[in-house]
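Visitor: I would like to learn how to read a few features of this model. Please take them one at a time.

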Amino acid sequence: MMRPKILCMVDLSLAPEALEIIREHADVDYLPQESHRLVELISDYDAFWGHIDLKVDKQVLNNAKRLKAINTSSTGTDHIDKDEAARRGIQILSIARDYRLLETFTATAECAWMLMLACHRKLRSATKSVLEGSWESKSYVGEQLSGRVLGVLGVGRLGKMTVEYGKAFGMKVLGCDLKPFSIPGVERVDFDTLLSASDAISIHIHMEKRNYHLFNDSTFAKMKDNIILVNTSRGDIIDESSLIKNLDSGKIAAFGADVIHDEWRNDISKSNLIQYAHNHENVVITPHIGGCTTKSIVDARIFSAKKLIHFLRTGEELTQ
């Protein structure tokens with residue numbers, strides 16, 4: 001029986017064991033992540049392993065003549081054209097339902113809290129002033145978290161971690177989720193109440209069609225003035241044109257993001273939000289580093305390697 005061929009364009013430098021696992025059972029080409037090469041090469045492979053910063057779109061899939069599986073060591077799969085993959089019978093393997101594994105990962109929730117603190121304490125402008133030779137503090141008066149109202153949208157795995165951070169900082173915590181939940185010290189509210197009652201909101205929902213531009217002119221209008229907003233989920237949950245308008249007016253005091261609209265573009269500097277942030281220090285953006293800790297990277301990639309090989313050998317998805 002011929003060994004399957006895998007094209008791997010995910011960085012495995014921190015998890016060499018993952019590369020050993022797939023090489024033991026398949027012929028592997030381990031190449032740098034390059035979108036133009038992916039389009040050119042994909043036709044020769046049974047499986048592709050990439051990451052969230054490389055899009056697998058219709059153009060790629062049109063050339064994927066023998067592809068059986070797309071593997072990603074992430075919970076999100078919006079970098080993959082799922083409809084086109086399904087039409088072609090290509091299995092998408094992610095770690096979205098590997099709950100025992102995911103419960104050990106706190107990295108993205110910690111990233112959200114980092115952004116929450118940075119926005120409340122004007123961290124970006126304060127550190128910039130020090131690097132410019134100033135030691136003046138009165139321009140950087142922020143807000144303490146204790147006593148403020150934290151709204152957490154999406155009280156799943158990451159949302160549950162975030163509400164506990166809010167409680168630890170002495171905040172009143174509101175939670176909003178379509179599914180019922182009961183957490184001591186957290187008041188369950190509907191979406192409109194979350195918007196109107198929160199001093200700060202942290203977003204932890206999936207990128208689904210119903211959540212596209214969920215935050216828009218209408219939702220921003222329902223919020224308190226001077227609210228702080230943090231998004232570590234997916235960029236298109238927020239209408240960035242409306243966001244910029246509300247930042248400019250002062251309705252939103254500060255915005256922290258680890259995700260933005262169209263973060264796969266070739267020239268990220270052309271992002272309207274990044275261009276706005278050049279001249280407005282109340283916007284803190286990190287380059288989708290939420291899951292970028294040693295533990296989460298190593299553990300996710302090793303398990304993803306096992307998952308991919310298991311699928312190629314059995315046709316079934318391995319879960320944990």
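Guide: Start at the N-terminal end of helix H11, which aspartate 239 caps. A side-chain oxygen of aspartate 239 lies 3.1 Å from the backbone nitrogen of serine 241. Such a polar contact is a pair of N or O atoms within 3.5 Å; within protein, one must be able to donate a hydrogen and the other to accept it, and residues adjacent in sequence count only if both atoms are side-chain atoms. Helices (H or I, at least four residues) and strands (E, at least two) are DSSP runs, numbered from the N terminus.

The model is predicted: local features need pLDDT of at least 70, side-chain atom pairs count only at pLDDT 80 or more, and totals for chains, interfaces and linings use all residues. Residues are numbered from 1 along each chain as its sequence is written, and side-chain values use heavy atoms, with hydrogens and water left out.

Visitor: Which residues of H11 are buried?

Guide: An α-helix has 3.6 residues a turn, so residues three or four places apart point the same way. In H11, the buried residues are Glu240, Ser242, Leu243, Ile244, Asn246 and Leu247. Buried means under 20% relative accessible area, exposed over 50%, and partly exposed in between (1.4 Å probe, protein chains only).

Visitor: What do the buried residues of H11 pack against?

Guide: They pack against helices H10 (217-221) and H12 (272-278), and against strands S10 (227-231), S11 and S12 (283-285).

Visitor: What comes just after H11?

Guide: Glycine 250 is there, with a positive phi of about 90°. Lysine 251 also sits in the loop between H11 (240-249) and strand S11 (252-257).

Visitor: Is lysine 251 buried or exposed?

Guide: Lysine 251 counts as buried because its relative accessible area is 15%. A polar atom of its side chain lies 2.5 Å from the backbone oxygen of methionine 223. Leaving aside residues up to four places away in sequence, lysine 251 touches (heavy atoms within 4.5 Å) several residues, including Phe220, Lys224, Asp225 and Asn246.

Visitor: How many cavities of 30 Å³ or more does the structure hold?

Guide: Rolling a probe the size of a water molecule over the atoms shows where empty space is left. On a 1 Å grid over the protein atoms alone, a cavity is a set of points where a 1.4 Å probe fits but cannot get out; lining residues have an atom within 4 Å of a point. The structure holds 1 cavity of 30 Å³ or more. Among the residues lining the largest cavity are Glu240 and Leu243, both of them buried residues of H11.

Notes. On a 1 Å grid over the protein atoms alone, a cavity is a set of points where a 1.4 Å probe fits but cannot get out, and a pocket is an open set with protein on both sides within 12 Å along at least five of seven lines; lining residues have an atom within 4 Å of a point. Grid points are joined across faces, edges and corners, and a volume is the space filled by probe spheres set on the points.
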